[in-house]
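This report describes a single chain, from its overall build down to individual residues. The sequence and structure come first.

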Amino acid sequence: MRYKKRKYFMAGRINLLQRSKIRELFEKARTMEDVISLGIGEPDFDTPDVIKEAATRAMYEGYTHYTPNAGIPEFREAIAEYYKDFYNVDVDPSNIIVTAGAYEATYLAFESLLEQGDDVIIPDPAFVCYVEDAKMSEAGILRIPLREENEFRIDPDELVEMVTKRTRMLVMNYPNNPTGATIDKKTARAIADIAEDYNIYILSDEPYEHFLYEGAKHHPMIKYAPDNTILANSFSKTFAMTGWRLGFAIAPSQVIKDMIKLHAYVIGNVTSFIQIAGITALRDKRSWDALKVMRDTYAERRKLVLKGLKDVPHVEAFKPKGAFYIWAKIDPELDMASEDFANWLLENSGVVVIPGTAFGKGGEGWIRISYATRKELLLEALERMKKALEKL
């Protein structure tokens, strides 16, 4: 018997994954000249010097070796202190794992808790990795709509109706990417009660917790459902450390043990000197001073973009209270799909925005605009958008 020759072999599950439409648009933009990107979800600030200096110092002090799989004990203690200081929540350091960003934290949660036959409820729209993680875990995917009339918050009544015996996990992300929505205490409590009543885990992804406006407050889900919550967080946005790949997860004891086990085979441990820098980020006042400057700057940019969009035809902004994005509705009379609109805008104005469908079918008719960009570029982009769209 002769076997058919192949140039390569690939696991079938890889074919289930879809490449990010965000990245596809960026690659198209790179082939063009004079483009302003309002697409990237990344702070345009540099990492504070005090954190960089701590990492450099740690390298010369010998932090260049393996660490415990779960992370350096002092770093995990610093994370626990942070939750006590900011939210008056008691966290045992043994329930914390240091991860390669919140990306890995969410991946570990999906792979540790879900398998074929389980269902996970994921908001629509939502950040792109959740659905792809669910595919890798072979779980069924149910999308709960985030509606404009509900300020893009999960509706507890609608959530209850979706729960079945197969439901294993609910994904939450507030402050929200892509909408900029925040969650109120009443809704957070209601969702926590549902999770406890139906024995569902909540994966709460909270990297934008410090970017809040107009008096909005953050409500970490471990405060309301500590025995049912896996909290994923990151230093990427808070301290402008995207390239450092530093994050963590907090989970109940029975879950964290398995997450650590998987993590040990995925990356072993997060880079040692970066963990030491993380301790400085949390404990040094200068880190928090730098965060305040970033937050104040984002607040100014947010006002600028919301004001500017009022003069841009064919788009209407939802007023966000968190993150650093504007979720804007496309004029239905244009009869243009989100992806077509984003491509048209790029080609006719040289401005990158992200089509809402990059975040799920519920994003159809919307675009995401990032204001993590210098003021002068934001003003130029708004003017370009205005001139281009006035022609439609």
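## Terms and basis

A residue is called buried when its relative accessible area is under 20%, exposed when it is over 50%, and partly exposed in between, using a 1.4 Å probe and protein chains only. The model is a predicted one, in which local features need pLDDT of at least 70 and side-chain atom pairs count only at pLDDT 80 or more, while totals for chains, interfaces and linings use all residues. Residues are numbered from 1 along each chain as its sequence is written, and side-chain values use heavy atoms, with hydrogens and water left out.

## Overall build

The chain contains 12 helices and 13 strands; these are DSSP runs numbered from the N terminus, with helices being H or I of at least four residues and strands being E of at least two. Its radius of gyration is 21 Å, close to the 21 Å given by the globule rule for 392 residues, so the chain is as compact as a globular protein of that length. The radius is taken over C-alpha atoms, and the rule is 2.2 Å times the number of residues to the power 0.38. The C-alpha trace spans about 60 × 60 × 55 Å along its principal axes.

Of the 392 residues, 56% count as buried. Contact here means heavy atoms within 4.5 Å. Among contacts between residues at least 6 apart in sequence, 74% join residues at least 24 apart. The accessible surface comes to about 18700 Å², and carbon and sulfur atoms account for 48% of that area. Accessible areas come from the Shrake-Rupley method with a 1.4 Å probe, and for residues only the protein chains shown count as cover.

## Charges and salt bridges

There are 52 positive and 59 negative side chains, and the centres of the two sets lie 3 Å apart. Lys and Arg are counted as positive and Asp and Glu as negative, without His and the chain ends; each charge is placed at NZ of Lys, CZ of Arg, CG of Asp or CD of Glu. A salt bridge is a side-chain nitrogen of Lys or Arg within 4 Å of a carboxyl oxygen of Asp or Glu. By this rule the chain has 22 salt bridges.

One of them pairs D119 with R166, with the closest N and O atoms 3.2 Å apart. D119 lies in strand β3 (residues 119–124) and R166 in the loop between α6 (156–162) and β5 (167–172), so the pair ties together parts 47 residues apart in sequence. D119 is buried, at 8% relative accessible area, whereas R166 is partly exposed at 45%.

R147 and E158 form another salt bridge, the closest N and O atoms being 2.6 Å apart. R147 is in the loop between β4 (140–145) and α6, and E158 is in helix α6, so this pair ties together parts 11 residues apart in sequence. R147 is partly exposed at 35% relative accessibility, and E158 is partly exposed at 22%. A further salt bridge joins the side chains of E376 and R374, at 2.8 Å from N to O. E376 is partly exposed at 46%, as is R374 at 43%. Salt bridges that share partners also join D34, E380 and R384 into one network.

## Backbone features

The peptide bond from D124 to P125 is cis, with omega near 10°, and P125 sits in the loop between β3 and α5 (129–136). The bond from Y174 to P175 is also cis, with omega near -10°; P175 belongs to the loop between β5 and α7 (185–198).

E138, a residue other than glycine, has a positive phi near 65° and is located in the loop between α5 and β4. A240 is not a glycine either, and its phi is positive at about 55°. A240 is in the loop between β7 (229–234) and β8 (247–250) and is buried, at 6% relative accessibility.

## Surroundings of M259

M259 is part of helix α8 (residues 253–266) and is buried at 0% relative accessibility. Leaving aside neighbours within four places in sequence, M259 is in contact with I97, A105, L108, A109, S112, I230, A249 and A251. M259 and S112 are 147 residues apart in sequence, but their C-alpha atoms are 6.0 Å apart in space.
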